[in-house]
Amino acid sequence: MRSRVRFIIAICMAVGLAGVLGVMSLKGNQQTYASPGALVAGKTYRLNATVAPGAPADAAARAQTAEGLRFTVRDKANPGTTIDVVYRGSVPDTFKVGRDIVVVGKLEDGVFQAQRNSMIAQCPSKFQAKADEAAHSGSR
Amino acid sequence: MSLLGRATLLLALAAAVYAVVAALTSRTRGRRGWQESAERAVYGFCALMTIAIVTMWAALLTDQWDLRYVTGYSSSTLGARWKLSALWASQPGSLLLWAWLLSVFATVAVLLNRRRHRELMPVAVAVLMGIGAFFAFMLAFVTSPFETLAVVPANGSDLNPLLQNEYMVAHPPMLYLGYVALAVPFSFAVSALVTRRLDATWIAAVRRWTIFAWLFLGIGILLGARWAYEELGWGGYWAWDPVENAAFMPWLLATAFLHSVMVQERRGMLRVWNMVLVVLTFVFAVFGTFLTRSGIVASVHAFGESTLGPFFLAFIVIALVGPLALIVSRLPLLRSRHSLESFASREAVFLFNNLLLIGLTFATLWGTLYPVLTEAVTGDRITVGQGFYNTIALPIGVALLALTGVGPLIPWRKASLAQLKRRFTWPLAAAAAAAPLLLLTDAWDRWVVGAIACIAVFVLVSIAGEFWRGMKVRHALGGVSWPGALGQLVARNRRRYGGYIVHVGVVVLFIGLAGSRAFVTEGSLVLSPGERGTVGERTFVLEDTSRAVDPHKMSTAVRLGVYKDGEREATLAPGRNLYLASQQPSTEVAIDSSPTRDVYAVLVKLDERGQAVLSIFVNPLVMWLWISGLIIVGGGVVAAWPARRTARAPAEAPEGAERRATA
């Protein structure tokens, strides 16, 4: 009898925790991973794309200014699809043309307005024999 | 060198497989002798792995560019200590380190326990060497560190500059020491299940290993935080990144186990629970490696996708399902010896502590795997933001903090009202007295921070009371001074008082976390030489700029004078390097630390005219995070320090009684 009560309490707590987790992860905290072609205005995304040629060399400095760093990213699979990003805050050292990045933000008037300090630069995901790339492919 | 390395790994694989077979053979009647052979194979495995890792180090130190690994992660101008640390800069190297540590731990475990726990050894050795064989197989056939290049380049492409940092030299090995040490408790738990020797002996064999693993995981996590803080230049130290979570989850589970194991020792309860915890802790440690290496979750650490995923997944499934099936089949043997008598008891506090820790672990797991789950269900990868973790971790963390104060005040079995009143009076009074004092500081601007501070006072007074009561008893016995009484007290109950010291460290950790997360001041400045700018209540003057080039890197740096209320407070020299081999820039953060605040400056850019773009953070109380780390390590060492058996006996009299009852 006692153990059955305990079992029921345990189940209730597990269900409760699952419920809380479910609700909390749905409530406002969600960010969908998306590529440049898949954005809908007004929704928060984690935009995952490649930095297109033309991104400024002094990106880190520009991102500290009031107008922010403006650069173009292109779809990883489909290089023809591009979108402009405006970003402020700290820029990872590994940011450069051709690198995959993730920024969190929203699409407003055709421009992706990124949240402050939300940029993550990813190293190339596939191992390449090219010496320069190899240095980053497995590093943390 | 490649040949030597490959051959050694193959031999190591053979030794591990042989050890498994021999150890299992020794379990059949009349073949006990095989166990000695299995143990020798363990030593052999250890020797071979040592040769393999030394070979790799030698290759890195002597610039063997024909090895793909050396070319990828080193260069001729790299300093010797970075060359050594390049071993854990990537996947095959990290696995090599994993396997080598495992071989060393297996050897130590065999040497320590072969006589004391003779009955448990065969299966424990088989499990440890099974894990060893898995890693040796991966290293020999799937991701070899000794792979050669067809075309030998003239120079390597350098170690990622982000990794050229003291903390990064120490952080991965520390984490691995923790991860790998968890294999030992796991193997003994499985052995206890298989052999049906489910009394307290397997716990005695693994307790110290778990403290050891927990300690090094904690050190590794803190060093990682410190590295992120000093190297990445975003002013923070923790971002709930999947890889951080991967280390955090086994640490939480190990914490839970270290607490619940006491309930089993004292009261013979939670026996199934402890088994499950040991298994889960190890599985999560392997899962951490899997998570970081498989590329199933996007992370800042971005190790690159690899072919390891399926192998690790299979390994995890076996390590999880096998022991769980064993637990189910042994359920009748694992029945509790007592039941919970009252919720006002030490064991109930431990139970709550465990539920909270497990809850936090699964919340973290949920958040980490959310993108994978949503992709499976909806087709979109959706991730939870940091807000999700913070909202969950804050209340759980505060509740855990409060329990660290409540636990020691409540006796085992059942507390009487009078006892509770007597013990809670002082800590509660102190916490109440602290509240108005906090009104005088800024802490009250955020009520959560105020609440944490009050709870911190409560916990500290409660722990001080524990020490005081113990010392009073020792001193009353006569013949010792007060400091002598303290020394004796700690020496005779290392685990208990070491644990309290760790709790003090946890309180300090919370103070550091609360201060540094709630009151950050952030700003950015554009200054020409001689100019000044203001962030918060501080003025920054750009005093000097410099540029330098050496064969390895091009560096720029500035000197900043920091003034507060007209007085010079500090000088900061943030810089920015460009590494020539990889053409990657690297931020050199400058930090002025003091107990009250860190002033943190990042040089974002220095242009030709000498104009500097800077980003400034003022983070209060960050230093206390690192101090808390030292306290926790100190407490952990006290708790894990081997005690003389004779000294322990009287302190644990109730445990002896318990053992007689269960024999």
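**Exercise 1.** In this predicted model, which residue of β5(A) stands opposite A:Y45?

*Solution.* Start at A:Y45 and look across to strand β5(A): the residue facing A:Y45 there is A:G105. Next, step back to the whole strands. β5 covers residues 100-108 of chain A, and β2(A) pairs with β5(A) in the antiparallel sense, over 6 bridges.

**Exercise 2.** In which sense do β1(A) and β2(A) pair, parallel or antiparallel?

*Solution.* First find strand β1, residues 30-34 of chain A; β1(A) and β2(A) run in the parallel sense, with 3 bridges between them. Then pick out a facing pair: A:T32 stands opposite A:Y45 in β2(A).

**Exercise 3.** What is the bridge partner of A:V51 in β3(A)?

*Solution.* Locate strand β3, residues 69-74 of chain A, which pairs with β2(A) in the antiparallel sense over 2 bridges. Now follow A:V51 across to β3(A), where its bridge partner is A:V73.

**Exercise 4.** How many residues of β2(A) are buried?

*Solution.* Take β2(A), residues 45-51, and count: 7 of its 7 residues are buried, and the strand is mostly covered.

**Exercise 5.** Why can chain B be called as compact as a globular protein of its length?

*Solution.* Begin with the secondary structure of chain B, which has 21 helices and 11 strands. The radius of gyration of chain B is 27 Å, close to the 26 Å given by the globule rule for 663 residues, so chain B is as compact as a globular protein of that length. For its extent, the C-alpha trace of chain B spans about 80 × 70 × 60 Å along its principal axes. Finally, turn to burial: 52% of the 663 residues in chain B are buried.

Methods:
Residues numbered from 1 in each chain as written. Chains lettered and ligands numbered in written order. Predicted model: local features only at pLDDT ≥ 70, side-chain atom pairs only at ≥ 80, totals over all residues. Helix = DSSP H or I, 4+ residues; strand = E, 2+ residues; numbered from the N terminus. Rg over C-alpha atoms; globule rule 2.2 N^0.38 Å. Buried ≥ 20, exposed ≤ 12 C-beta atoms within 10 Å, placed from the backbone. Pairing = 2+ DSSP bridges.
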